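Open the viewer and keep the sequence panel beside it. This tour goes stop by stop, telling you what to select and what you will find.

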Amino acid sequence: MAHVISTINLKGGVGKTTTTVALAETLSGGFHKRVLVIDLDPQTNATTMLIGEEKWRKLNDSGRTLARLFKDALEPNNKQFDFDAALQKGVSDVSAAHTIDLLPSSLDLIDVQDQLASTPSGKFYSVNPIELLWRAVKSKLDDYDVVIVDCPPNLGIITLNGLRISQGYIIPTIPDILSTYGIPQIVTRVREFSQEIAEPIEPLGIAITKYRAQSTTHINGLRRLKGEEDAGKGPHVFDTVIPETDAVAAAAEHLEHQRTLKGKYPRGLADSYRSLAGEVLAKLEG
Ligand SMILES: Nc1ncnc2c1ncn2[C@@H]1O[C@H](COP(=O)(O)OP(=O)(O)O)[C@@H](O)[C@H]1O
Ligand SMILES: [Mg+2]
């Protein structure tokens with residue numbers, strides 16, 4: 001059975017997408033897992049990191065993104081979403097990571113999210129709007145070992161669609177006040193949602209990103225998160241810490257030629273992501 005996880009933080013810019021893509025590439029290239037990335041963020045960053053902007057534009061122009069899935073719910077007589085047409089197979093510019101598929105996102109998801117939120121539930125003709133993604137992908141998930149859903153930085157309907165199919169979630173965060181501020185709210189809201197749908201959705205852990213070992217703020221922030229974990233008041237904090245480095249930012253550019261994991265994630269980064277992926281797998285399989 002596939003392990004399905006979401007990456008969530010209410011703050012943008014904390015490394016959610018970077019972590020999603022690096023984990024996908026490491027799980028595929030380093031652990032030989034079949035991985036599906038579901039990009040639910042209208043920012044479309046995971047999509048352009050994995051297939052490049054040009055290809056994304058073509059897909060977007062022909063309605064082959066997840067925006068179409070949600071638009072279908074708003075236009076029940078005009079169903080157009082086609083899973084197989086939207087699914088991009090063998091994405092990523094990492095040569096060893098050839099077992100990653102992608103369901104691409106679209107900027108149109110911003111409008112769709114607003115429309116979904118303002119549509120009276122009766123208009124969905126018995127389809128619960130939080131189950132749209134689940135209905136579309138449930139029969140396909142077991143083609144994969146790990147499915148990672150990159151969620152937008154909010155707890156709206158689109159994010160709930162991601163959580164609906166997830167058994168667990170990861171919270172990437174910079175260890176500072178503003179980035180960690182929303183974590184208790186995420187944990188509480190996801191717990192409530194999990195109870196509502198009567199399916200377990202476990203917090204797998206907080207993944208520390210953009211860590212600056214010289215920063216007192218970061219040192220104290222990390223200590224505080226671990227203290228909360230030890231006191232039973234906060235989620236687990238993964239031991240692996242992803243440092244802030246230009247190499248990560250540079251890795252965001254999709255290349256037309258293939259590179260190795262260590263080429264894309266140089267100076268020990270590939271090892272850091274391998275270690276984080278190992279911790280995530282241990283949580284999922286343990
Ligand atoms: N470890 C890191 N070191 C340096 N820059 C990083 C790191 N992780 C992410 N970034 C950069 O920070 C920005 C935000 O990261 P991103 O993953 O897009 O965040 P989010 O998805 O949470 O909005 C991007 O420009 C990304 O390249
Ligand atoms: Mg993002």
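Which residues point one way from E3, and which the other way? Ile 100 and Leu 102 point one way, while Asp 101 and Leu 103 point the other. Buried is the word for all of them. Keep in mind throughout that this is a predicted model.

**Stop 1: the strands beside E3**

Select residues 100–103, which make up strand E3. E2 and E3 run parallel, and 4 bridges join them. Zoom in on two of the facing pairs. Leu 36 stands opposite Asp 101 in E3. Val 37 has Leu 102 as its bridge partner there.

Val 35, Val 37 and Asp 39 point one way. Leu 36 and Ile 38 point the other way. In a regular strand the side chains alternate between the two faces of the sheet.

**Stop 2: ligand 1**

Select ligand 1 and show the residues around it. There are 14 of them. Gly 13, Thr 17, Thr 18, Lys 210 and Pro 243 come nearest.

Pick out the polar contacts one by one. A polar backbone atom of Gly 13 is 2.7 Å from an oxygen atom of the ligand. For Val 14, a polar backbone atom is 3.0 Å from a ligand oxygen. At Thr 17 the contact comes from the side chain: a polar atom there lies 2.8 Å from an oxygen atom of ligand 1. Taken alone, the ligand exposes 560 Å², and the protein buries 80% of that.

Where does the shell come from? Colour helix H1 (16–29), strand E7 (237–243) and helix H12 (246–251): each supplies at least two residues. H1 gives the largest share, 3 residues. By type, the shell divides into 5 nonpolar, 6 polar and 3 charged residues.

**Stop 3: Ser 215**

Go to Ser 215. You will find it in the loop between strand E6 (202–211) and helix H11 (216–230). Is Ser 215 buried or exposed? It counts as buried, because its relative accessibility is 11% and the cut-off is under 20%.

Show the side chain of Ser 215 and follow its contacts. One reaches the backbone nitrogen of Thr 217 at 3.3 Å. Another polar contact is with His 218, whose backbone nitrogen lies 3.0 Å from a polar atom of the Ser 215 side chain.

**Stop 4: salt bridges**

How many salt bridges does the count come to? The count is 17. Visit a few of them.

Start with Asp 145 and Arg 34. Their closest N and O atoms are 3.0 Å apart. This pair links distant parts of the chain, 111 residues apart. Asp 145 sits in the loop between helix H7 (132–137) and E4, and Arg 34 in the loop between H1 and E2. Both count as partly exposed: Asp 145 at 23% relative accessibility, Arg 34 at 38%.

Move on to Lys 71 and Asp 108. Here the closest N and O atoms are 3.2 Å apart. This is another link between distant parts of the chain, 37 residues apart. Lys 71 belongs to helix H4 (residues 66–74). Asp 108 lies in the loop between E3 and helix H6 (109–118). Lys 71 is partly exposed at 24%, and so is Asp 108 at 30%.

Now select Arg 68 and Glu 75. Their side chains meet in a salt bridge of 3.2 Å, N to O. Arg 68 is buried, with a relative accessible area of 9%, whereas Glu 75 counts as partly exposed at 31%.

Finish with four residues at once: Glu 25, Asp 93, Arg 259 and Lys 264. Salt bridges link them in a network.

Terms used:
Residues are numbered from 1 along each chain as its sequence is written. Chains are lettered from A and ligands numbered from 1 in the order in which they are written. This is a predicted model: local features need pLDDT of at least 70, side-chain atom pairs count only at pLDDT 80 or more; totals for chains, interfaces and linings use all residues. Side-chain values use heavy atoms; hydrogens and water are left out. Buried means under 20% relative accessible area, exposed over 50%, partly exposed in between (1.4 Å probe, protein chains only). Two strands pair if DSSP finds at least two bridges between them. A residue is near a molecule or strand if one of its heavy atoms lies within 4 Å of it. A polar contact is a pair of N or O atoms within 3.5 Å; within protein, one must be able to donate a hydrogen and the other to accept it, and residues adjacent in sequence count only if both atoms are side-chain atoms. Accessible areas come from the Shrake-Rupley method with a 1.4 Å probe; for residues, only the protein chains shown count as cover. Ala, Val, Leu, Ile, Met, Phe, Trp, Tyr, Cys and Pro count as nonpolar, Asp, Glu, Lys and Arg as charged, and the others, Gly among them, as polar.
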